[in-house]
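Reader: Before I rely on the terms used for this model, I would like each one set against its definition.

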Amino acid sequence: MEELKVVGETTQFIVIKLGDEQYGIDIKYIDNIVRMQHITRVPKVDTYLKGVINLRGEVIPVMSIRIKMGLEPDVETKSTRIIILKLEQHGTIGVIVDEVKEVVTLENDQIEKIAYDSKEEMRSFLCGIGKCDGGLISLLDLNSVVLENA
Amino acid sequence: MDVSQYLEIFLDETNEHLQNLNTQILSLEQEPDNMDTINEIFRAAHSLKGMAGTMGYKRMQNLTHDMENVFSEVRNGNITVKASMIDVLFQCLDALEEYNTNIRENADEGTNDNEPLIKELNLILNGETDDGEEDSAEAVEEEVAAPASTGDTGGRKWLEIKLGDSELNVLKEASKQGKNVLGLTVKVQESCILKAARAFLVFKAIEENGEIIMSNPSAQDIEDEKFELDFSLIIVSDASLEQVLTAARSVSEIEDVIGDVMDLDHVSAPVHEAAKEAPAKTEQETKPAETPAPVAAPAAPAAAAKPQTKTKKKADEKKAPANKPVVNRTVRVDIEKLDTLMNLVSELIIAKNSLVSASAVSGTSSTTVNEQIEYLESVTTSLHESVMKVRMVPIESTVSKFPRMVRDLQKTLGKKMELYMSGEETELDRTVVDEIGDPLMHLLRNSADHGLESAELRKERGKPEVGSIFLEAYQDGNNVVIEVRDDGNGIDTEAVRNKAIEKGIITPEQAENMSEKDSIDLLFHAGFSTAKVVSDVSGRGVGLDVVKSKIEALSGEVEVKSKLGEGSSWIIRLPLTLAIIQALMVDIGNEKYAISLGSIQTIEDISPNDVKLVEAKEVIQLRDLVIPLIRLNRILDIESKKDPNDNLVVVVVKKGDKQAGLVVDELIGQQEIVIKSLGKYISKCKIISGATVLGDGEVALILDANTLI
């Protein structure tokens, strides 16, 4: 994600839940949010790639952030959603989240760059922490989330 | 008249006509006596002239006008087709192409008058025609030729209009009702550029005062500018002669309008030919307002035609379209609009399927609901299919310009060669077809220039003097293959390596260890050219690497096969990114997969006892052939649903000479599917060549049989 902007500017994030933790995704990368649907498995790919879905005639890959981040595998519930992201480098891709909560607007001074003492493997997926109404939102660095495992 | 809005259409159609002319003139060269070809050329040249004129491209119009004159003479049998003439004609086409390019880039035709060409055209004309006949060249242009002499009518050309029975009746009827029957001849100023537009304004002005019964030339011809400087009309009007004349004269760039009240008793006797032509034309002039575009629109129904003429019209309508260009039957659509349409159709199908399941769940499935859903199903399926097919075009539109190019190359290179093409009907997505032209052209030029030897050398080597270049297109599994092959010298890998060392691309040490294939790949290196002399055909060293990057941009690949002394072939494989293929749908575990029908040989029912082991691998014996078995469920990591003791369903696929048997759970059936890419993100999985959206909105993966073998 780009350098966080000058103080006073704001960024909008969509707040999602994975387990008990709240994560934020920069709204400018979000193309669409769709309900969970049948995902066609693609064989011989990394486990975090769940397969492909048909989104209005387009075949779009779907990945599990949970598996990618080393969390428990997804359990499909009523509130499970697929967020369709449009990224310059990777094209369109869907990510599965447990729940989509709300949209928040964060002032840049509400965003704290990630400190180095946080958990090692998690750090690489985050680009900052947002403070909002007392709660903390981990802001996802989408490019590293989506990046293929080496 | 603002013509900029027609610019797109103009450019597209000009291209089409030029392409058509190229093809036709080529075939004219083969058979100089083919009347159909000559007529077709004449028509295309004529349309070009008309279009250029309407758009105000004077130079282009002049050139086409002179070309048309030549064709018209050829058509009349006054000139015989000669090789020198064909050359001049081709040069003209190139010049027109140049105009077209200029117009596309700057909306201006440029300043090149191409006078030498026009002179040559006139030389052809004069060289073959006697003095008197030159006029006829002009006159023939008007398909309904008007009698030449105007002396006795004193410019009152309307007197020459031949009236049929029905028109005569209309006129007499009108005259009985106390209306004036007037004859008019309108003369347009010589400097007038848009004659058709002026004529249209005159028509409009006169129609405000009365009704046009007849015109000479016909309204259609006038609209197409198929007239010189004057045209004549017969009208019925309540207004006086003076009023009508003033109205017509008020149009600018009209030199003069002369007219008189007609004496119906003395009009020329009915001529059958004229009677046949006329009624169909009158209907055109009632509504010219709708067709000011350079594209000739289909005949608008007559609004005000008299009842008497109506009965005849039906029969005549069949005749009328024959004169019109065929282009009217197509509509040009922006490809983005098709994409949108396609996506909407997919959405519709998904919605339909939700409807099906919803009605099943709610339990309200009465017969009527089911019937309607089934009907909806068949409609959406056909809709889906039609929309998908719309995007596919045969590669013909791109490759049809190559015979002409090879012919030119033959002259510039001084080698004898022949181009053989096949598979022009192979369909590809429109965008790919548009892009593939340049790379193919490079390859053909390359074959002609570097591949083929000179006639003497060929003779020495015991080959036929005339070299052959083949351009073959066909579908192979999930690819469309376009092959450019020649029977020339082949690639001298030794020379290639030496050249590469010389250019500093590789070191001599590297060269020693290079395989044949790697050496050939050097050809695709940027800035590499083995031609000793830089010709304007090829040998600038930009060709092959451009070819490669272009093909790769279309996610295709280029393969080279070559045998020194026997020729080389360049094989372009393009994935059918948006192509439709026939596929066999199969069930494996709980998943559906598609296998391209093209790679399937047979489908066999094999008992588990017939499966043998060879080197610890499962094989079956089929008609004296031992074929390895591939259990797809293992490769795809799926649990098979089948009882291991049941007979195996084996889909036998082939790749070249090799065969393999794919074991699947069940066959679902044959289906036409659209191939969609899985995207870059999932590119690791080689055995899956793509995905397709099934009728129910679900995604099924397409197995690439080639990688399995």
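Predicted model: local features only at pLDDT ≥ 70, side-chain atom pairs only at ≥ 80, totals over all residues.

Reader: Why are α1(B) and α4(B) called roughly antiparallel?

Author: The axes of α1 (residues 7–30) and α4 (residues 83–106) of chain B cross at roughly 170° and come within 11 Å. Axes are lines fitted to C-alpha atoms, for helices over the stretch in contact, and angles run from 0 to 180 degrees between N-to-C directions. Angles over 145 degrees count as roughly antiparallel, and α1(B) and α4(B) are therefore given that name.

Reader: What makes residues of α1(B) and α4(B) part of the contact?

Author: Two residues are in contact if their C-beta atoms, placed from the backbone, lie within 7 Å. Among those making the contact are B:L11 and B:L18 of α1(B) and B:L89 and B:L96 of α4(B). The residues of this contact divide into 11 nonpolar, 4 polar and 3 charged (Ala, Val, Leu, Ile, Met, Phe, Trp, Tyr, Cys and Pro are nonpolar, Asp, Glu, Lys and Arg charged, the others, Gly among them, polar).

Reader: Which part of chain B gives the most to the side that touches chain A?

Author: On that side, 24 residues of chain B are in contact with 18 residues of chain A. α13(B) gives the most, with 4 residues.

Definitions and conventions
Residues numbered from 1 in each chain as written. Chains lettered and ligands numbered in written order. Helix = DSSP H or I, 4+ residues; strand = E, 2+ residues; numbered from the N terminus. Parallel < 35°, antiparallel > 145°, perpendicular 65-115°, else oblique.
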